[in-house]
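Visitor: I am new to this structure. Please take me through one part of it closely, the packing of its helices.

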Amino acid sequence: MQNVATRGFFKGMSPRVTAVSTVVIAASALAGAIYPEQLEELVTGFRESLTPFLQWYYVIIVAAFLLLVIWLGVGRYKNVRLGQDHEVPEFRTFSWLTMLFAAGMGVGLIFWAVAEPISHFDSNPFLLPGDDPSEAANTALRLAYFHWGFNGWAVFSLVALILAYFSFRRGLPLTMRSAFYPLIGRNIHGRWGDAIDILAVFATVFGIATTLGLGIQQLNAGLDELLGIGIEAHWQIIIGATVMAIATISVLFGVASGVRLVSEANFWMSSAILLFFLLWGPTNYLLALIVQSTGDYLQSLFNLSFYTHANAPGADWQAEWTLFYWGWWIAWAPFVGIFIARISRGRKLRDFVMGVLMVPTGITIVWIGLFGGNAIYIELFGSGGIVEATQRDVTTAVYRTIELMDAGRVATGASILITVLIGTYLITSANAGILVTQTLLSNGSTDISRTHTVIWGTVIALVTVVLLTAGGLATLQGAVIAAALPFSFIILGMIVGLIRALEDERFAAEPGERATPPMEPWAQAETEWTVEGSASEETETATDQETDQYQEQEKK
C-alpha cells in the first residue's frame, strides 16, 4: 500500500500524516492543559469572529448536501452500485439497517433528547410574545427534529457515499484523499493527499472529543443522581480516563466479540428505555405529538434549511444551536462516514440514500418525541420544573424528567439503565474513534498498530479532558465549530471529484431491462457527423455488447 511504512516506528502507518497529526494535536492539548483560561478565550474569540461567516456558510452547504444526496438517490445515477456491477450487497438489508441504527444512536442524542426540546420550549426565535404554550411545544420538537434529522444525516450519507464509491467501485483506499483522484490524479499519494487526510484527522479527533465530553458530563450527572458523588471536574477526568482505557484495551486485544455483544446490549437497552418513556408516560399524548410534530417538521423543512437568523438582533441562538450542530455533523463525518461506507458495499445509490436518510431520521424522531415529549407534557400539564433544571445544569434534564414521571421504583431502574447506556455508548464511541483515526493515519489499512493505538487513545483522552476543563460545554461547542470549518472545504472538493467520476458512469440497468448509456443531443449529433457512419456503428455495437454482458451479470 502506498505511503505506508513497512518497518520502524511508523510501520503500517503513513509517516507524514501520523507525525504531523500526532505532534500538532498533542501539542495543542498540552498547551490547553497548561493554559486553560487562554484556551477558553481563544476558542470563544475564534467562534465569535467566525459566526457572521458561518451563519450563512454552514447553512447553505448543509442544505446543498441534502439536495445533492436526494438527487443522487433519485437522479440519473440512482442505479450505480457502490461496487462492481455484478456485486450484491455485502450485508442483508435487516443487518444493514440495524447497523445504521447503531450509527444513528449515541451519547449526543441521549444528552440532548430532553435538553434541546425543553430549551426551545423555553425560548426560540420563532416564538412571539403571547403565543400559546402548545405552539411553543410544536416549535420545540420541530427544531429538535431539524437539528437531528435529514440535514445532518445528509452530511454523513454524502461523505459515506463518496468514500464507498471510490473505494469499492474505483479500487482506491478508504480515505478522504481518494475522492480527489479525478482532480489531482496520482498526486493524492503525495503531499496534497497527506494534507487532506490530516485535516480529516483533526475534524475526527475534535468531533469525537466533543461527543465524549458531553457523555462524560452526563455520566457524571447520572452517577451523582444515583450515588451522590457530586458533579465535579475531578470526577469527569476519572470517568474520561476510565472510558478511554477500556476502549484502548479493547482495540489492543481485538475483542471483536465483546464489542459486538456491547453493541447488541446497547440496542436492547435503548429499546427498553424507549418502552419506559412510552408506557409510563402519557402514551396517547406522545403518539399524537410525534405524528403532529413530524408533519410540522416535514412542512417546514425547506424554510428551516435556509434559515440564517439574519434579521434577529443577535446571532446567539443560531450560533449556539444550528451552527454548533452543523459543525458537529461535519466534524463527525469522517468517523461515521467510514463506518457507513464499510457496511454499504454492493448497494445501489438509491437504496443507500433511502436507508441512510430515512432509517436514522425515523429513529431520531421517535427517540426525541418520547424523551422530549414527556418533558413537555410535564411542563404543560404537570408540575413543571424541567425548564429550571435544564437552565441550571443541562446534563440533568433527562434525570429530572424521569424523576417527575412518578413511576416509582421503575423510574429508579430507568435512571440506572440510562446511566449504564451512556457508559456503554461512550466506550463504543471511543473504541470506534480510535479505529477510524488509525484507518485515516494508515491510508485505509485495517492493520492496527498497538503502539499507535495507545498513543491515539491517550491523545483523544487528553483533548477531551482539556476541552472539558477549559470551559465545559461552551468550549466543546466552539472547538467543534472551528475544527469542522477546514474539513467542510474538503467535503466540497470531494463532491467535485465525485461529479467528475460519475461522468464516466452509464445508466445502470435494472434486471430484465435493456439500457443504453446516456446520450445528450449534441453527442448524438456528433456521432451522426462521423465519416461514413463507421464510428457510430462501432459505438452502437460496443454499447449493445456492454449492455448484454451487464444483463447476464445481473441474471447471475
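Guide: Start with a crossing. Helices α1 and α17 cross in a left-handed sense. This is a predicted model. Helix α1 covers residues 15–34, and helix α17 covers residues 450–469. They pack at an angle of about 35°. Their axes lie 9 Å apart. From α1 come T18, S21, T22, I25, A26, A29, L30, G32 and A33. These meet H452, I455, W456, V459, L462, V463 and V466 in α17. By class, that contact has 11 nonpolar residues, 5 polar and no charged.

Now take a second pair. Helix α4 spans residues 107–122, and helix α13 spans residues 349–381. Here the packing angle is about 45°, and the axes are 9 Å apart. The two helices are therefore oblique to each other. The crossing of α4 and α13 is right-handed. On the α4 side, the contact uses L109, I110, A113, V114, P117, I118 and F121. On the α13 side, it uses T364, W367, I368, F371, G372, A375, I376, E379 and L380. The contact of α4 with α13 divides into 13 nonpolar, 2 polar and 1 charged residues.

F371 leads on to the core. The largest nonpolar core holds 167 residues. Y58, W112, M176 and F371 have the most contacts inside it. Helix α12, residues 316–343, gives this core its largest share, 19 residues. Leaving out residues up to four places away in sequence, Y58 touches L323, W326, G327, I330, I481, A484, L485 and S488.

Methods
Residues numbered from 1 in each chain as written. Predicted model: local features only at pLDDT ≥ 70, side-chain atom pairs only at ≥ 80, totals over all residues. Heavy atoms only, no water. Core = buried A, V, L, I, M, F, W, Y, C linked by side-chain atoms within 4.5 Å. Buried < 20%, exposed > 50% of the residue type's maximum accessible area, 1.4 Å probe, protein only. Helix = DSSP H or I, 4+ residues; strand = E, 2+ residues; numbered from the N terminus. Contact = heavy atoms within 4.5 Å. Axes fitted to C-alpha atoms, helices over the stretch in contact; angles between N-to-C directions. Parallel < 35°, antiparallel > 145°, perpendicular 65-115°, else oblique. Left-handed = near helix turned anticlockwise from the far one by under 90°. Nonpolar A, V, L, I, M, F, W, Y, C, P; charged D, E, K, R; others polar.
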